[in-house]
Amino acid sequence: LGGMPEGSYLGIGLISRDDVQNSVTDALETIVRMVNEESEYQYKTFLCVTCAARFLALASNLKAEGDVCREHLPKGFSLQGMYAYGEFCPAKGKTTGKDYNMFNNFTFAILAI
């Protein structure tokens, strides 16, 4: 799927259902705060992509991410989500400071429209 740039490192970590749910909560709280601060555009929909590896970590409670989304979804908003084997979303470059699209893994990406 890609290469590892020079200077990269590989680490192994274990996650739990709580880790997954906490990261979804953090992501949704952040995006809701951002859309509420926007005055020039009224957002109504979130598109979410989450990693299939996160899905596997939920093993016995496959609704865990969906439950958190329902709990934090503002009234009047709709949400569409899916699992993928890698998520594309913008990231800020360390050298230039400009945003670019990056292929992530084990993430929860949200697009507000």
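**Labels and their grounds**

Guide: Asp26, Ala27, Thr30, Ile31, Met34, Cys89, Pro90, Phe108, Ala109 and Ile110 line the second largest pocket. The elements giving two or more residues to that lining are helix 1 (17-37), strand 3 (87-92) and strand 5 (108-112). The model is predicted: local features need pLDDT of at least 70, side-chain atom pairs count only at pLDDT 80 or more, and totals for chains, interfaces and linings use all residues. Numbering starts from 1 along each chain as its sequence is written, and side-chain values use heavy atoms, with hydrogens and water left out.

Visitor: What makes a set of points a pocket, and what makes a residue part of its lining?

Guide: The grid is 1 Å, over the protein atoms alone. A cavity is a set of points where a 1.4 Å probe fits but cannot get out; a pocket is an open set with protein on both sides within 12 Å along at least five of seven lines. Lining residues have an atom within 4 Å of a point. The second largest pocket holds about 220 Å³ of space, where volume is the space filled by probe spheres set on points joined across faces, edges and corners.

Visitor: How do the lining residues divide into nonpolar, polar and charged?

Guide: Eight are nonpolar, one is polar and one is charged. Ala, Val, Leu, Ile, Met, Phe, Trp, Tyr, Cys and Pro count as nonpolar, Asp, Glu, Lys and Arg as charged, and the others, Gly among them, as polar. Helix 1 gives the largest share of the lining, five residues. Helices (H or I, at least four residues) and strands (E, at least two) are DSSP runs, numbered from the N terminus.

Visitor: Why is Ser39 called exposed?

Guide: Its relative accessible area is 71%. Buried means under 20%, exposed over 50%, partly exposed in between (1.4 Å probe, protein chains only). Therefore Ser39 is exposed. Ser39 is in the loop between helix 1 and strand 1.

Visitor: How do you know that strand 3 and strand 4 pair?

Guide: Pairing requires that DSSP finds at least two bridges between two strands. Strand 3 and strand 4 (residues 99-104) have six bridges, so they pair, in the antiparallel sense. Ala91 stands opposite Tyr100 in strand 4. The two strands form a hairpin with six residues between them, and Gly97 in the turn has a positive phi of about 80°.

Visitor: What makes strand 2 and strand 5 edge strands?

Guide: Strand 2 (78-84) and strand 5 each pair on one side only. Their open sheet of three strands has the order 2-1-5, with mixed pairing.
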